Amino acid sequence: MTVDTNIGTARKAYDRVEVPAPGGGTRSLTPNQFETLPLRERVSFLIEGTAQFFLDGRPISPSEAMRT
Amino acid sequence: MSVARKALEMTQAATEAIVQRAETRYEAHRQETFRSADRMFAALMIGQWIFAIFIALTVSPYGWQGKVKAVHMHVWIAVFLGAAITSLPVALAWFRPGEPLTRHAVAVGQMLWSALLIHLTGGRIETHFHVFGSLALLAFYRDWPVLITGTVVVATDHLLRGILWPESVYGIPNPEWWRFLEHAFWVVFCISFLILSCRRSQKDMRVMAERGAELEALSENQWRNSSVLERAAADTRGDR
């Protein structure tokens, strides 16, 4: 069994997330792209519940998505 | 004030508070890392001082000046130069733990300890391993500029002593002029990987703090949703 102790690159429980785009509509991001958004922006999306997470094309809850 | 406007303001206030707490957690984690390493080095410096006196007493306790037996200069060097090298880093670790000045003074002190131990053992190549051990310990700070300070000190020491007193650092009277570059190369080789490790550790600390912020944001969202549901249920029951 191997254990990934590197938190920064640990496998995410989602493979895609849709967040509101600045000009309206939504934009689709990979986990890495989402992680590189400013923390303020990510927190704001999560509080408002406007980030929609997906795994294998299926929507999942944010709490499920935040598990690593 | 409209409901939408009030909700936006609440979100902004909650976001600011969560981001601020994440920054505080990150900074607290860094400070604890620095302070913990400061404490470790304070103890290590004192241990090295005792060890250096032991080495001096064991290797060359006495010398002869004509027919007079006298305590060898190495013993006094170990006692007094050792005290001088130890005193500033230990004092800073005690009185100003966690500050940048402290860890850079520790880096200078630790490398001077390598230099002194190398001198006391007559430039034994095995004692040069102390340099690499010290660099690994300095990486406990997870602050890569500290490694640069240590490298500059050890390279300068090898260069100057290599010119002025080569037996003291290499154990031979006529080493090649460029030998300090060979030693410095291996030090740079070592710290290249330690710097990568420090940077990765810093990033992990940041990610941990941000992960906490995301979980707080989720919790805030769930609390808001449950509040909305409770209000809706109260409205349905006609409580208001």
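In which strand does Arg16(A) have its place? Arg16(A) lies in strand E1 of chain A, which covers residues 16-20. The model is a predicted one, in which local features need pLDDT of at least 70 and side-chain atom pairs count only at pLDDT 80 or more, while totals for chains, interfaces and linings use all residues. Residues are numbered from 1 along each chain as its sequence is written, and chains are lettered from A in the order in which they are written. Strands (E, at least two residues) and helices (H or I, at least four) are DSSP runs numbered from the N terminus.

Arg16(A) has 19 C-beta neighbours inside 10 Å and therefore counts as partly exposed; a residue is buried with 20 or more other C-beta atoms within 10 Å of its own, exposed with 12 or fewer, and partly exposed in between, the C-beta atoms being placed from the backbone. Leaving aside neighbours within four places in sequence, Arg16(A) is in contact with Ser28(A), Thr30(A) and Phe54(A), contact being defined as C-beta atoms, placed from the backbone, within 7 Å. Asp56(A) is 40 residues from Arg16(A) in sequence, and their C-alpha atoms are 8.4 Å apart.

Between the chains, 18 residues of chain B are in contact with 15 residues of chain A. On the side of chain B that touches chain A, helices H1 (3-59) and H7 (179-237) give two or more residues. H7(B) supplies the largest share, twelve residues. By class, this side of chain B has ten nonpolar, three polar and five charged residues. Here Ala, Val, Leu, Ile, Met, Phe, Trp, Tyr, Cys and Pro count as nonpolar, Asp, Glu, Lys and Arg as charged, and the others, Gly among them, as polar.

Within chain B, helices H2 (residues 73-95) and H3 (residues 100-120) pack at an angle of about 165 degrees, with their axes 8 Å apart. Axes are lines fitted to C-alpha atoms, for helices over the stretch in contact, and angles run from 0 to 180 degrees between N-to-C directions. H2(B) and H3(B) are therefore roughly antiparallel, a term for angles over 145 degrees. Their contact has 14 nonpolar, five polar and no charged residues.

In helix H4 of chain B (residues 129-138), the buried residues are Val131(B), Ser134(B), Leu135(B) and Leu138(B). Because they cover an arc of only 100 degrees around the axis, they are on the same side of H4(B); the arc is that of the directions from the helix axis to the C-beta atoms. These buried residues pack against H3, H5 (144-164) and H7 of chain B. Phe129(B) and Gly133(B), on the other side of H4(B), are exposed.

Conventions:
Angles under 35 degrees count as roughly parallel, over 145 as roughly antiparallel, 65 to 115 as roughly perpendicular and the rest as oblique. Two residues are in contact if their C-beta atoms, placed from the backbone, lie within 7 Å.
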